[in-house]
Amino acid sequence: MSLCALTLHEASERLRKRELSCRELTAAVFAQIAKTDDRVHSYITLDRKNAEACATKADEAFRIGTPASPILGIPIAIKDNFLTRGLRTTCASKILGDFMPPYDATAVARLRAQGAIIVGKTNLDEFAMGSSAENSAFFPTRNPWDSERVPGGSSGGSAAAVAADQCIAALGTDTGGSIRQPAAFCGIVGLKPTYGRVSRYGIIAFASSMDQVGPMTKDVRDAALLLETIAGHDPADSTSVKRAVPNYAAALSGEVKNLRIGVPKEYFVAGMQQETEAAVRAAVRQLEKSGAAVEEVSLPHSEYAVAVYYIVATAEASSNLARYDGMRFGHRAQAKDLLETYLASREEGFGAEVKRRIMLGTYALSAGYHDAYYLKAQQVRTLIKKDFEDVFRRVDVLITPTAPTTAFKIGEKTQHPLQMYLSDIYTISVNLAGLPALSLPCGFDAQKLPIGMQIIGKSFDEATILNLAYGYEQSTEWHKKKPAL
Amino acid sequence: MRSERTAMVKYEPVIGLEVHAQLLTESKIFCGCSTRFGSEPNANTCPVCAGFPGVLPVLNKRVVEFAIRAGLATHCQIARSSRLARKNYFYPDLPKGYQISQYELPLCVNGYVEIDSQTHKRVRLTRIHVEEDAGKNIHDVRADASLVDLNRAGVPLLEIVSEPDLRSAEEAPVYFRTLRAILQYLAICDGNMEEGSLRCDANVSVRAQGSDALGTKVEIKNLNSFKAVENAIRYEIQRQSDTLEEGGTLLQETRLWDENREVTRSMRSKESAHDYRYFPDPDLPPVIVDESWLTQIEATLPELPDRRRARLIADYELSAYDAELLTARKDIADYFESAVAMHQNAKAISNWIVGDLFRVLKERKLDEQLTVSLWPIQPAQLAELVKLIDQGKISGKIAKAVFDSLLDSPRSPADVVAEKGMEQVSDSASLDSAIDEVLAVHGKQVADYRGGNDKIFGFLVGQVMKATRGKANPLMVNAILKRKLAASNAS
């Protein structure tokens, strides 16, 4: 097996035992990128020189026997909506031009502090708005399992990079499914933590009340290790929560006995891919056999989630994206006066989907419409949250499909925004409710495309999700399958 | 202004003020940058206040504390939970494309300020909320470009909104001054209008006398002094009354006060008003104020103008008028009390302050200047000056001369008196001889006086003072002169 195919915990163990050097591991990752990225297009920017320097430093740290973090010397890919000091950050948008961040996002700073090696910045839908990584201003990323298909989005570049072994692990962000849906499409593990678990400082904001940073990895243990590294209160983010961070990886037992699993009936609907439903139901049966208690539950307001999301998220985005005005950084059009400068800079700088969402959000907040749209959506959001609170009095976790279908073809939905929006139908409610959820592989369809299963947990109960996922993963081989590249 | 009298009689003005007060915190409201005024452009900035991608605001707790102080001092209800909200609009001095302010749930509501200690008239406060200031666009440095200075971006402000309770142009600055005094007493705003740390917009409408309905409201911006507040409102009342008198209709609009031409000019109408698309800022959790914090802040509130005025009247037997003048600003009241602590003649010290000191401050345009340390005479000097008079060492008249030579000098009044030989001559031997000389030279006048012309006495005193270059103790001169004139008369 190639070195770049190692999981984070496997690589870490071999580094610790000095069977492998960080330089070798980093070289293997860059070799894999050189070999495959002209087909996959995971990366927007590579940081090879700095990565090699960091690998040398990490080797030195191992040599002198510094107490090693499991992240020390591990090559990690970062979605290009995280600010990385001195490394170009584009958010896959032309409006940022060659923006060079003056500081690191907190999650990135924490990785660096633990000695992680930043490989580069991965592709995404512009401003994380999309479900296919096709809305990038640069190029679409392709699914490593089938280059005619999308990797999902918006963290499509990170998901593809992990699946294609172009890194050991990656970070993504998830506002409506942007970690979990691409994780499902690419056959990897993706975890969206509880809102407030990981600092949002230095993440280019899309929808502030839902954006959350999370790991995208080759298996569940890796997700636990990466989450431990990046989680925890950050004084620079007032919405990050002051709660101790558990040792998620150390707590993994795989024991699922007496765990109460709820299966929400609203998540198995006409129109979903049969193979997806079958794979998820089979996984649930398997967990039941392992001793978990399964019951059908109801989340009655689920049908409103997509509508609510596309009001709340776009409203926040319309305001968050106002700072891209061509004044202080990024693209500025030459125009005759101030208004023209604003209009032309934003017209040239933003792509169609971003403009669509800015317009939707601006409308939803406008005088005369604010109450009918924004306010109503917030009220329904409260009902959706309450649905989850109600079922979580009876069960410990919920299991659903991550997406209604496996990866779709490139170009298939680009002309149909509404259809594209529906590919997040199972992930969006979780963001509205601020809950943690994880996607992991649970099978393949007839096209040999990965199917993802979503485990939703109680607020700040990532430990239970991870443990259940680990228990399931231990009894399957899905996560070990690799795309042929 | 032909219709001034008719219009003023027929229409009643209804006025409310929106005051913006810059808070005296060390750092900005959402980041750690300094709030210092007058730094190099963009020196006090960071990614947060410059609105870079990815940054998040963190609320400065001190800002909330200051706002609560203001709320408590103006009898407001303090919200136990309030929210920050985004006010969205594009402008180069607004880095994020929105201002973080408060909208639906402000920190303080339903307060009042008493503006007249005699009538106890109250101006009700609708709300006090916290918000961030914008930066500054600079248009006159380069011909080919406008520049943006973000030093002020993120400096904390209080917005204090009054109910439309003011009824005349003269009442508006009275309220504004009272409010400024309160903010200064609380040590949360320096009140410096020239540097823009206190700013004011006025909402003005007029209605038929006796009517309860509100007329069409006009907002006036750019009121940068008490004088501007008064003049702009007076102009606006007149303009609105004239318009109605001539059968015209008023537009709901925003107008700008043109200080030079002394007129208001239309800035934008209601139709072109911004739609700010307010919504709660998802980056900031609700501001929670618990009872113990509130109690703690309440316990540290200083003595406010009303109470201090009453105390000065009671403790120092000052007139209500003098007490009002001395307590209008905290720094003046502090000046007064520290002088009195050094020499217990409150009445005289008060007279010197409201008389000569205020005159000098006004002449030098220091009357809006809030740093007592910059004043030309310090409390210790004034106290000593009064003491010299009270000890009979100098006359009141000499004291004025000493006062003038003390201006801008740190010297002690006693030194000035000694150096210039200004000490009062009180020893009878030298006065005797000076008086004898005057009597000898002015034989005719002496004869007139003795002939019954009492008015001549003043002339003779004047001559003695002149002979002694003003230094003679006037009480002694009077006594000795009377004695000598009487004695000669008798002989």
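**Exercise 1. Work out what share of the contacts in chain B between residues at least 6 apart in sequence join residues at least 24 apart.**

Start with the term: two residues are in contact if their C-beta atoms, placed from the backbone, lie within 7 Å. Next, take the contacts in chain B between residues at least 6 apart in sequence; 68% of these join residues at least 24 apart. Keep in mind that this is a predicted model, where local features need pLDDT of at least 70, side-chain atom pairs count only at pLDDT 80 or more, and totals for chains, interfaces and linings use all residues. Residues are numbered from 1 along each chain as its sequence is written, while chains are lettered from A and ligands numbered from 1 in the order in which they are written.

**Exercise 2. Describe the side of chain B that touches chain A.**

Count the partners: 30 residues of chain A are in contact with 24 residues of chain B. Then sort the chain B side by class, which gives 15 nonpolar, four polar and five charged residues. Here Ala, Val, Leu, Ile, Met, Phe, Trp, Tyr, Cys and Pro are nonpolar, Asp, Glu, Lys and Arg charged, and the others, Gly among them, polar.

**Exercise 3. Find the buried residues of helix H7 of chain B and what covers them.**

Helices are DSSP runs of H or I, at least four residues, numbered from the N terminus. Buried means that 20 or more other C-beta atoms lie within 10 Å of a residue's own. In H7(B), residues 320–327, that selects Asp322(B), Ala323(B), Leu326(B) and Thr327(B). They lie on the same side of H7(B) because their arc around the axis is only 120°, taken from the directions from the helix axis to the C-beta atoms. Their cover includes helices H6 (305–316), H8 (330–342) and H9 (346–363) of chain B.

Technical notes:
A residue is buried if 20 or more other C-beta atoms lie within 10 Å of its own, exposed if 12 or fewer, and partly exposed in between; C-beta atoms are placed from the backbone. Helices (H or I, at least four residues) and strands (E, at least two) are DSSP runs, numbered from the N terminus.
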